[in-house]
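Please open the model in your viewer and keep the sequence panel beside it.

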Amino acid sequence: MTDYAHPEVLVETDWLSGRVSDPALRIVEVDVDNAAYGLGHIPGAIAWNWTTQLSDSIKRDILSKEELEALLSKSGIKPETTIVLYGDSNNWFAAWAFWQLKIYGHKDVRILNGGRKKWLAEGREVTDETPSFSPTQYKAQEPNLSLRAFLPQVQDALRKNAAALVDVRSPQEFTGEILAPPGLPETCQRGGHIPGARNIPWGKACNDDGTFKSFDELRSLYAGEGVDGSKPTIAYCRIGERSSHTWFVLSYLLGFPNVVNYDGSWTEWGNLVGAPVERRTAVVTGT
Amino acid sequence: MRSEQFQERQIELDGWPVKLISYRIGTKYICQADNVSPGACLARFSADSAEEAESQALSKARHLLSKTKRRAI
(Lines give C-alpha, C1' and ligand atoms only; values in the text may rest on other atoms or scores of the structure.)
Protein backbone atom coordinates (compact mmCIF):
# COMPACT_ATOMS: atom_id res chain seq x y z
CA MET A 1 0.00 0.00 0.00
CA THR A 2 1.35 3.42 -0.94
CA ASP A 3 1.83 5.88 1.89
CA TYR A 4 0.28 9.30 1.86
CA ALA A 5 2.22 12.07 0.17
CA HIS A 6 2.64 13.83 3.53
CA PRO A 7 1.99 11.26 6.26
CA GLU A 8 3.48 13.58 8.84
CA VAL A 9 0.30 15.69 8.89
CA LEU A 10 -1.78 12.88 10.37
CA VAL A 11 -1.57 11.51 13.90
CA GLU A 12 -3.34 8.45 15.21
CA THR A 13 -5.31 8.22 18.43
CA ASP A 14 -2.75 5.83 19.95
CA TRP A 15 0.04 8.29 19.21
CA LEU A 16 -1.81 11.21 20.72
CA SER A 17 -3.02 9.40 23.83
CA GLY A 18 0.57 9.05 24.97
CA ARG A 19 1.37 12.71 24.39
CA VAL A 20 -1.53 14.73 25.75
CA SER A 21 0.77 16.36 28.30
CA ASP A 22 3.61 17.07 25.89
CA PRO A 23 4.35 20.82 26.17
CA ALA A 24 5.57 20.88 22.57
CA LEU A 25 2.04 20.02 21.43
CA ARG A 26 -1.07 22.09 21.50
CA ILE A 27 -4.22 20.06 21.00
CA VAL A 28 -7.14 22.04 19.62
CA GLU A 29 -10.72 20.88 19.17
CA VAL A 30 -12.66 22.66 16.42
CA ASP A 31 -16.31 21.66 16.03
CA VAL A 32 -19.42 23.10 14.49
CA ASP A 33 -19.86 24.77 17.89
CA ASN A 34 -18.10 24.52 21.22
CA ALA A 35 -20.85 22.64 23.04
CA ALA A 36 -19.37 19.20 22.41
CA TYR A 37 -16.04 20.33 23.83
CA GLY A 38 -17.82 21.35 27.02
CA LEU A 39 -19.29 17.87 27.41
CA GLY A 40 -15.88 16.23 27.33
CA HIS A 41 -12.70 16.54 25.33
CA ILE A 42 -9.20 15.19 24.99
CA PRO A 43 -7.18 16.07 28.11
CA GLY A 44 -5.06 19.14 27.48
CA ALA A 45 -7.12 20.28 24.51
CA ILE A 46 -8.39 23.79 24.07
CA ALA A 47 -11.29 24.75 21.80
CA TRP A 48 -11.53 27.22 18.96
CA ASN A 49 -14.92 28.37 17.81
CA TRP A 50 -14.89 28.37 14.04
CA THR A 51 -17.59 31.00 13.62
CA THR A 52 -16.22 33.52 16.09
CA GLN A 53 -12.50 32.68 16.31
CA LEU A 54 -11.67 31.29 12.88
CA SER A 55 -13.68 33.69 10.76
CA ASP A 56 -13.88 37.45 10.53
CA SER A 57 -16.87 38.39 12.62
CA ILE A 58 -17.82 41.46 10.56
CA LYS A 59 -17.17 40.80 6.89
CA ARG A 60 -17.26 37.36 5.34
CA ASP A 61 -13.62 36.35 5.37
CA ILE A 62 -10.98 34.25 7.05
CA LEU A 63 -8.99 35.72 9.92
CA SER A 64 -6.66 38.58 9.27
CA LYS A 65 -3.00 38.03 10.08
CA GLU A 66 -3.41 40.09 13.23
CA GLU A 67 -6.45 38.14 14.35
CA LEU A 68 -4.69 34.83 13.81
CA GLU A 69 -1.67 36.07 15.72
CA ALA A 70 -3.92 37.08 18.61
CA LEU A 71 -5.65 33.70 18.64
CA LEU A 72 -2.42 31.73 18.59
CA SER A 73 -0.81 34.00 21.18
CA LYS A 74 -3.78 33.60 23.49
CA SER A 75 -3.56 29.83 22.98
CA GLY A 76 0.07 29.77 24.10
CA ILE A 77 1.28 28.71 20.69
CA LYS A 78 4.73 29.51 19.31
CA PRO A 79 5.90 29.10 15.71
CA GLU A 80 7.66 25.86 16.69
CA THR A 81 4.60 24.38 18.45
CA THR A 82 3.07 21.26 16.96
CA ILE A 83 -0.64 21.94 16.62
CA VAL A 84 -2.85 18.85 16.60
CA LEU A 85 -6.36 19.60 15.39
CA TYR A 86 -9.41 17.42 15.78
CA GLY A 87 -13.15 17.85 15.75
CA ASP A 88 -16.58 16.50 14.99
CA SER A 89 -18.06 15.77 11.56
CA ASN A 90 -14.89 13.85 10.67
CA ASN A 91 -12.73 16.93 11.14
CA TRP A 92 -14.60 19.36 8.87
CA PHE A 93 -13.80 22.35 11.00
CA ALA A 94 -10.42 21.03 12.05
CA ALA A 95 -9.57 21.06 8.34
CA TRP A 96 -10.83 24.63 8.11
CA ALA A 97 -8.40 25.57 10.89
CA PHE A 98 -5.61 23.57 9.22
CA TRP A 99 -6.15 25.44 5.96
CA GLN A 100 -5.94 28.85 7.64
CA LEU A 101 -2.90 27.90 9.67
CA LYS A 102 -1.17 26.89 6.44
CA ILE A 103 -2.22 30.12 4.75
CA TYR A 104 -0.41 31.94 7.54
CA GLY A 105 2.58 29.64 7.42
CA HIS A 106 2.45 27.64 10.64
CA LYS A 107 4.93 24.87 10.00
CA ASP A 108 3.79 21.87 12.02
CA VAL A 109 0.05 21.35 11.92
CA ARG A 110 -1.45 17.89 12.13
CA ILE A 111 -4.91 16.36 12.12
CA LEU A 112 -6.05 13.57 14.40
CA ASN A 113 -7.08 10.75 12.08
CA GLY A 114 -10.70 9.92 12.89
CA GLY A 115 -11.24 13.08 14.92
CA ARG A 116 -13.44 13.36 17.97
CA LYS A 117 -15.61 10.44 16.96
CA LYS A 118 -12.80 7.88 16.90
CA TRP A 119 -11.39 9.11 20.20
CA LEU A 120 -14.79 8.66 21.85
CA ALA A 121 -15.55 5.38 20.10
CA GLU A 122 -12.33 3.92 21.46
CA GLY A 123 -13.32 4.84 25.00
CA ARG A 124 -10.31 7.03 25.56
CA GLU A 125 -9.81 9.43 28.41
CA VAL A 126 -11.74 12.69 28.32
CA THR A 127 -12.07 15.60 30.65
CA ASP A 128 -14.25 18.65 31.18
CA GLU A 129 -11.35 20.73 32.46
CA THR A 130 -10.19 23.59 30.28
CA PRO A 131 -6.43 24.04 30.40
CA SER A 132 -4.77 27.42 30.41
CA PHE A 133 -1.44 28.29 28.86
CA SER A 134 0.84 31.26 29.18
CA PRO A 135 0.24 33.63 26.29
CA THR A 136 2.90 34.09 23.64
CA GLN A 137 3.72 36.79 21.11
CA TYR A 138 3.03 34.80 17.97
CA LYS A 139 4.10 36.29 14.67
CA ALA A 140 2.51 34.79 11.58
CA GLN A 141 3.83 34.87 8.05
CA GLU A 142 2.21 36.90 5.32
CA PRO A 143 -0.80 35.03 3.92
CA ASN A 144 -0.11 32.49 1.20
CA LEU A 145 -3.15 33.10 -0.94
CA SER A 146 -2.13 30.46 -3.43
CA LEU A 147 -4.08 28.08 -1.19
CA ARG A 148 -7.29 30.04 -1.64
CA ALA A 149 -9.50 30.77 -4.63
CA PHE A 150 -11.53 33.93 -4.94
CA LEU A 151 -14.51 34.31 -7.23
CA PRO A 152 -12.66 35.91 -10.19
CA GLN A 153 -10.19 33.04 -10.22
CA VAL A 154 -13.00 30.49 -10.36
CA GLN A 155 -14.80 32.42 -13.09
CA ASP A 156 -11.60 32.65 -15.08
CA ALA A 157 -10.91 28.94 -14.68
CA LEU A 158 -14.43 28.17 -15.84
CA ARG A 159 -14.10 30.36 -18.94
CA LYS A 160 -10.77 28.82 -19.89
CA ASN A 161 -11.54 25.29 -18.73
CA ALA A 162 -8.29 25.63 -16.86
CA ALA A 163 -9.05 23.75 -13.65
CA ALA A 164 -10.76 20.70 -12.26
CA LEU A 165 -13.72 21.84 -10.20
CA VAL A 166 -14.61 19.51 -7.35
CA ASP A 167 -17.97 20.04 -5.70
CA VAL A 168 -17.76 18.17 -2.40
CA ARG A 169 -21.38 18.68 -1.32
CA SER A 170 -24.00 15.96 -1.18
CA PRO A 171 -25.54 14.73 -4.43
CA GLN A 172 -28.84 16.40 -3.52
CA GLU A 173 -27.17 19.76 -3.08
CA PHE A 174 -25.18 19.24 -6.27
CA THR A 175 -28.25 18.53 -8.37
CA GLY A 176 -30.19 21.43 -6.88
CA GLU A 177 -32.83 19.26 -5.22
CA ILE A 178 -32.03 20.97 -1.92
CA LEU A 179 -30.32 24.29 -1.25
CA ALA A 180 -28.53 23.32 1.95
CA PRO A 181 -27.80 20.15 3.90
CA PRO A 182 -31.04 18.70 5.30
CA GLY A 183 -32.02 20.60 8.43
CA LEU A 184 -29.72 23.54 7.88
CA PRO A 185 -30.74 27.03 6.73
CA GLU A 186 -30.93 27.70 3.02
CA THR A 187 -28.22 30.21 2.24
CA CYS A 188 -28.50 30.59 -1.52
CA GLN A 189 -30.98 31.80 -4.07
CA ARG A 190 -30.37 29.07 -6.59
CA GLY A 191 -29.57 25.37 -6.41
CA GLY A 192 -27.24 23.37 -8.59
CA HIS A 193 -23.53 23.52 -9.22
CA ILE A 194 -20.85 25.33 -11.17
CA PRO A 195 -20.93 24.03 -14.75
CA GLY A 196 -18.43 21.28 -15.34
CA ALA A 197 -17.85 20.53 -11.68
CA ARG A 198 -17.52 16.91 -10.61
CA ASN A 199 -19.46 15.82 -7.55
CA ILE A 200 -17.20 13.97 -5.15
CA PRO A 201 -18.76 14.32 -1.69
CA TRP A 202 -16.19 14.92 1.04
CA GLY A 203 -17.30 11.85 2.99
CA LYS A 204 -16.16 9.52 0.22
CA ALA A 205 -12.65 10.17 1.48
CA CYS A 206 -13.38 8.65 4.89
CA ASN A 207 -13.89 5.23 6.37
CA ASP A 208 -16.80 4.47 8.70
CA ASP A 209 -14.62 5.10 11.75
CA GLY A 210 -13.84 8.59 10.50
CA THR A 211 -10.28 7.87 9.42
CA PHE A 212 -9.09 8.73 5.96
CA LYS A 213 -9.11 6.09 3.27
CA SER A 214 -5.82 4.79 2.00
CA PHE A 215 -3.74 6.58 -0.59
CA ASP A 216 -4.69 4.03 -3.22
CA GLU A 217 -8.38 4.27 -2.44
CA LEU A 218 -8.27 8.06 -2.53
CA ARG A 219 -6.33 8.17 -5.75
CA SER A 220 -8.83 5.82 -7.35
CA LEU A 221 -11.80 7.82 -6.03
CA TYR A 222 -10.65 11.11 -7.52
CA ALA A 223 -9.10 9.67 -10.67
CA GLY A 224 -12.42 7.99 -11.37
CA GLU A 225 -13.86 11.47 -11.76
CA GLY A 226 -10.94 12.78 -13.80
CA VAL A 227 -9.29 14.56 -10.90
CA ASP A 228 -5.69 13.45 -10.89
CA GLY A 229 -3.67 16.55 -10.10
CA SER A 230 -2.57 17.07 -13.67
CA LYS A 231 -4.19 20.49 -13.70
CA PRO A 232 -5.09 23.01 -11.02
CA THR A 233 -7.90 21.84 -8.79
CA ILE A 234 -10.54 23.99 -7.13
CA ALA A 235 -12.56 22.49 -4.29
CA TYR A 236 -15.79 24.07 -3.12
CA CYS A 237 -18.84 23.24 -1.03
CA ARG A 238 -21.44 25.53 0.59
CA ILE A 239 -19.44 27.63 3.04
CA GLY A 240 -15.88 26.37 2.63
CA GLU A 241 -15.39 23.98 5.53
CA ARG A 242 -16.17 20.70 3.76
CA SER A 243 -14.03 21.82 0.86
CA SER A 244 -11.13 22.55 3.19
CA HIS A 245 -11.39 18.87 4.19
CA THR A 246 -11.11 17.84 0.54
CA TRP A 247 -8.37 20.45 -0.01
CA PHE A 248 -6.46 18.71 2.79
CA VAL A 249 -6.96 15.29 1.21
CA LEU A 250 -5.90 16.38 -2.26
CA SER A 251 -2.97 18.51 -1.09
CA TYR A 252 -1.51 16.50 1.76
CA LEU A 253 -2.67 12.92 1.39
CA LEU A 254 -2.50 12.67 -2.40
CA GLY A 255 0.12 15.38 -2.86
CA PHE A 256 -1.51 17.22 -5.75
CA PRO A 257 0.62 20.28 -6.43
CA ASN A 258 -1.97 22.94 -7.13
CA VAL A 259 -5.15 22.73 -5.08
CA VAL A 260 -7.13 25.70 -3.82
CA ASN A 261 -10.11 26.01 -1.56
CA TYR A 262 -12.85 28.25 -2.92
CA ASP A 263 -14.30 29.20 0.45
CA GLY A 264 -16.84 31.55 -1.09
CA SER A 265 -18.35 28.31 -2.34
CA TRP A 266 -22.03 27.88 -3.15
CA THR A 267 -23.20 30.60 -0.76
CA GLU A 268 -21.34 32.98 -3.07
CA TRP A 269 -21.90 31.39 -6.47
CA GLY A 270 -25.52 30.45 -5.80
CA ASN A 271 -26.36 34.05 -4.97
CA LEU A 272 -24.64 35.73 -7.91
CA VAL A 273 -26.76 37.48 -10.47
CA GLY A 274 -26.19 35.98 -13.88
CA ALA A 275 -23.80 33.24 -12.82
CA PRO A 276 -24.07 30.06 -14.87
CA VAL A 277 -25.60 27.15 -12.97
CA GLU A 278 -25.91 23.54 -13.97
CA ARG A 279 -28.49 21.12 -12.56
CA ARG A 280 -29.53 17.51 -12.69
CA THR A 281 -26.16 16.17 -13.80
CA ALA A 282 -25.99 12.48 -13.15
CA VAL A 283 -23.86 11.76 -10.15
CA VAL A 284 -21.43 8.94 -10.42
CA THR A 285 -18.68 8.71 -7.87
CA GLY A 286 -16.39 6.08 -6.56
CA THR A 287 -16.81 4.38 -3.26
CA MET B 1 -13.11 9.85 32.95
CA ARG B 2 -13.65 7.99 29.72
CA SER B 3 -16.29 7.93 27.04
CA GLU B 4 -18.39 4.81 27.37
CA GLN B 5 -21.21 3.02 25.61
CA PHE B 6 -20.41 4.68 22.28
CA GLN B 7 -22.77 3.58 19.56
CA GLU B 8 -24.00 4.75 16.19
CA ARG B 9 -27.11 3.81 14.34
CA GLN B 10 -28.95 5.09 11.33
CA ILE B 11 -32.64 5.84 11.27
CA GLU B 12 -35.03 7.64 8.98
CA LEU B 13 -36.67 10.78 10.27
CA ASP B 14 -39.52 12.15 8.20
CA GLY B 15 -37.93 10.77 5.06
CA TRP B 16 -34.40 11.89 5.81
CA PRO B 17 -31.64 9.47 6.81
CA VAL B 18 -30.22 10.48 10.17
CA LYS B 19 -27.31 9.09 12.14
CA LEU B 20 -27.63 8.94 15.91
CA ILE B 21 -24.39 8.96 17.87
CA SER B 22 -24.74 8.16 21.56
CA TYR B 23 -22.26 7.86 24.40
CA ARG B 24 -21.86 8.46 28.09
CA ILE B 25 -19.30 10.65 29.83
CA GLY B 26 -19.39 10.39 33.59
CA THR B 27 -23.03 10.59 34.62
CA LYS B 28 -24.15 12.35 31.46
CA TYR B 29 -25.63 10.63 28.45
CA ILE B 30 -25.08 12.41 25.16
CA CYS B 31 -26.92 11.95 21.89
CA GLN B 32 -26.09 13.69 18.64
CA ALA B 33 -28.19 13.59 15.50
CA ASP B 34 -26.46 14.19 12.17
CA ASN B 35 -27.90 14.17 8.71
CA VAL B 36 -26.31 11.23 6.88
CA SER B 37 -25.62 13.20 3.75
CA PRO B 38 -23.56 15.28 4.05
CA GLY B 39 -23.00 14.50 7.76
CA ALA B 40 -23.75 17.81 9.45
CA CYS B 41 -24.70 17.98 13.10
CA LEU B 42 -28.36 18.82 13.59
CA ALA B 43 -28.77 18.43 17.32
CA ARG B 44 -26.83 17.40 20.39
CA PHE B 45 -28.20 16.97 23.88
CA SER B 46 -26.93 15.66 27.17
CA ALA B 47 -29.24 14.33 29.85
CA ASP B 48 -29.34 12.05 32.87
CA SER B 49 -30.57 9.14 30.79
CA ALA B 50 -29.85 7.86 27.30
CA GLU B 51 -33.55 7.90 26.49
CA GLU B 52 -33.96 11.55 27.41
CA ALA B 53 -30.87 12.64 25.47
CA GLU B 54 -32.07 10.77 22.40
CA SER B 55 -35.60 12.06 22.70
CA GLN B 56 -34.44 15.66 22.79
CA ALA B 57 -31.99 15.18 19.92
CA LEU B 58 -34.68 13.56 17.79
CA SER B 59 -37.17 16.29 18.57
CA LYS B 60 -34.84 19.07 17.51
CA ALA B 61 -33.61 17.19 14.45
CA ARG B 62 -37.17 16.53 13.32
CA HIS B 63 -38.02 20.22 13.75
CA LEU B 64 -35.03 21.31 11.66
CA LEU B 65 -35.57 18.71 8.97
CA SER B 66 -39.19 19.77 8.58
CA LYS B 67 -37.94 23.09 7.20
CA THR B 68 -35.97 21.58 4.35
CA LYS B 69 -37.71 21.75 1.01
CA ARG B 70 -37.11 19.31 -1.81
CA ARG B 71 -37.30 20.94 -5.21
CA ALA B 72 -38.16 19.43 -8.55
CA ILE B 73 -35.10 19.29 -10.77
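Two residues are in contact here if their C-beta atoms, placed from the backbone, lie within 7 Å. Before you select anything, note that this is a predicted model, in which local features need pLDDT of at least 70 and side-chain atom pairs count only at pLDDT 80 or more, while totals for chains, interfaces and linings use all residues. Residues are numbered from 1 along each chain as its sequence is written, and chains are lettered from A and ligands numbered from 1 in the order in which they are written.

**The contact between chains A and B**

Start by displaying both chains together: the contact takes 33 residues from chain A and 26 residues from chain B. Next, select helix H2 (35–39), helix H5 (115–121) and helix H7 (171–175) of chain A, each of which supplies at least two residues of the side that touches chain B; helices (H or I, at least four residues) and strands (E, at least two) are DSSP runs, numbered from the N terminus. H2(A) gives the most to this side of chain A, with three residues. If you colour that side by class, you will find 13 nonpolar, twelve polar and eight charged residues, where Ala, Val, Leu, Ile, Met, Phe, Trp, Tyr, Cys and Pro count as nonpolar, Asp, Glu, Lys and Arg as charged, and the others, Gly among them, as polar.

**A sheet in chain A**

Now select the strands of the open sheet of four strands in chain A, which run in the order E7-E6-E8-E9 with parallel pairing; two strands pair if DSSP finds at least two bridges between them. At the edges are strand E7 (198–199) and strand E9 (259–261) of chain A, each pairing on one side only. Zoom in on strand E6 (residues 164–167) of chain A, which pairs with E7(A) in the parallel sense over two bridges, and then pick Asp167(A), whose bridge partner in E7(A) is Asn199(A).

**Backbone details**

Select Asn91(A), in the loop between strand E4 (82–86) and helix H4 (92–103) of chain A; although Asn91(A) is not a glycine, it has a positive phi of about 75 degrees. Is Asn91(A) buried or exposed? Asn91(A) is buried, because 32 other C-beta atoms lie within 10 Å, and a residue counts as buried at 20 or more such atoms, exposed at 12 or fewer, and partly exposed in between, with C-beta atoms placed from the backbone.

Move to chain B and select Asp14(B), in the loop between strand E1 (3–13) and strand E2 (16–25). Asp14(B) has a positive phi of about 50 degrees although it is not a glycine, and Asp14(B) is exposed, with 12 other C-beta atoms within 10 Å.

Finish at Pro38(B), in the loop between strand E3 (28–35) and strand E4 (41–47) of chain B, where a cis peptide bond with omega of about 20 degrees joins Ser37(B) and Pro38(B).
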